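Here's a short walk through a handful of residues, written for someone meeting this structure for the first time. Have a look at the model, then read on.

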Amino acid sequence: MLIAGASVFAGISSCAFADLDSAMKDLNIETSVYGFLNGQIESVQADGGATPYSSRGRISDGNSRLGFKGSIEINQYAKGIWQLEGGLNNFENGGVNDQGSSATLESRNSFVGVEDTRFGRVIVGNNDSIYRSLVGSGGEMGGNLGLTVHGLDLWNNTSAQMTGNANSLFSRGEARYKNSVHYLSPEFYGFQAGGSYGFDEAESSGGNRGRYSLAAKYTHGGFEIGVGYDRQGNTGVLTDKVSQGYGFQTGAVNNVDTYFYKVVASYKFPTKTYVGVGYEVGNYGYSQFNPASSSNLYSSTTTGSMKQSSAMISVAQDVREDTSIMLSYGKLGHLDNATFGTPDDYSATQFSVGALYQFNKYLATYVYYTDIKNKSQQNVNLGQSPIYSNNSGTTNAFLAPGDSPRAFGLGLIARF
């Protein structure tokens, strides 16, 4: 009976797979594997704050990744699309970073959706917000492309990176949304727009911290300009952390919001010169508890908003087909309405300079130097592989306010 059953099942299976194989031949199905490994030899240090980080050498990962993506034809206009991308972050350290956490295969942009040439693209999953993907600073007006193109952040995916994280100098509103849905329109006479929404399924702190962003850009020849807006509900400055010496941080704060808006622009001259500029404003809500005192018999809570702007400029010159010289400078301004210290205590500056040499389209090497100057309450950190002067190796690791990081490095990036 077992032999007979196996024979029948084999016959049915062969017919089914034959029919499936025949159907697949009529569809346009594409699948690809991609990624890069990006390693850096560095000398890093940070001083000026309460707990300096002494000069030392290290090997750093430059946001390495592995991804799988594909598409399945629906009709002449539409196709299903999917992507599964994970970080190879901290490959030099066995996959564990200085905060003691490790990446998973789904840790980066992973989604499924539909793309139509007439109506645009809709995807769901874990993905960069439109504030990052359409008008971000990691590539040509968006993305995170690993030194493959000149974007506003010329040193994206290195320690000299200046944008894209909450503790970066510029474009602090960029984020990857979990539990999210994203729409991107088709390009129409150079215009393109989109929106993202990230659901807060947990609501663990008693408030919905759902987040959304909107963005639009215009491209004409070598000129691009884009605007973006990002808003996160029930999120604000953790004022107690600031006063306790942990630096400027945001987190769950009910009944206040934090939002960002920015404009970025770039132009590629016929001389193979790239110039990019950006301006961003962050509005941070806060809620501060005021205990009872001799002058006020009742405790109370004060809510408000802190405002801070930042700007940066980048210039890159391709001196040959395989060689580029790059320079970036940015400034984070004072923090209006600060509840601790003075507004200027929260300002910072950063510059990054270096050169890139392409052996070919798959392999490149580069050298860089970056220097951050933090005022006494600011803790802007290195873009990739940040340094922590306190609690290193734990989830509570942080850079002491006032510490000013700098790094000199030599990198090699292999793409596939």
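Let's start with Asn337, which is partly exposed, with a relative accessible area of 43%. (Buried means under 20% relative accessible area, exposed over 50%, and partly exposed in between, using a 1.4 Å probe and protein chains only.) Before going further, a word on the model: it is predicted, so local features need pLDDT of at least 70 and side-chain atom pairs count only at pLDDT 80 or more, while totals for chains, interfaces and linings use all residues. Residues are numbered from 1 along each chain as its sequence is written, and side-chain values use heavy atoms, with hydrogens and water left out.

Back to Asn337: you'll find it in the loop between strand 14 (323–332) and strand 15 (348–360). (Strands are DSSP runs of E, at least two residues, numbered from the N terminus.) Its phi is positive, about 65 degrees, although Asn337 is not a glycine. Asn179 also has a positive phi without being a glycine, at about 45 degrees. Asn179 sits in strand 7 and is partly exposed, with a relative accessible area of 44%.

Strand 7 covers residues 176–184 and holds His182 too.

| Residue | Strand | Relative accessible area |
|---|---|---|
| His182 | strand 7 (residues 176–184) | 6% |
| Gln308 | strand 13 (residues 300–320) | 4% |
| Pro405 | strand 17 (residues 404–415) | 0% |

What does the side chain of His182 reach at 3.5 Å? That would be the backbone oxygen of Asp128. (A polar contact is a pair of N or O atoms within 3.5 Å; within protein, one must be able to donate a hydrogen and the other to accept it, and residues adjacent in sequence count only if both atoms are side-chain atoms.) Leaving aside neighbours within four places in sequence, His182 is in contact with residues including Asp128, Ser129, Tyr177 and Gly195. (Contact means heavy atoms within 4.5 Å.)

Gln308 has a polar side-chain atom 2.8 Å from the backbone oxygen of Gly333. Not counting residues up to four places away in sequence, Gln308 touches Gly333 and others, among them Arg172, Glu280, His334 and Tyr346.

Finally, Pro405 and Asp371 are 34 residues apart along the chain, yet their C-alpha atoms are separated by 6.4 Å. Asp371 is one of the contacts of Pro405 once neighbours within four places in sequence are set aside, and others include Gln45, Ala46, Ile372 and Leu399.
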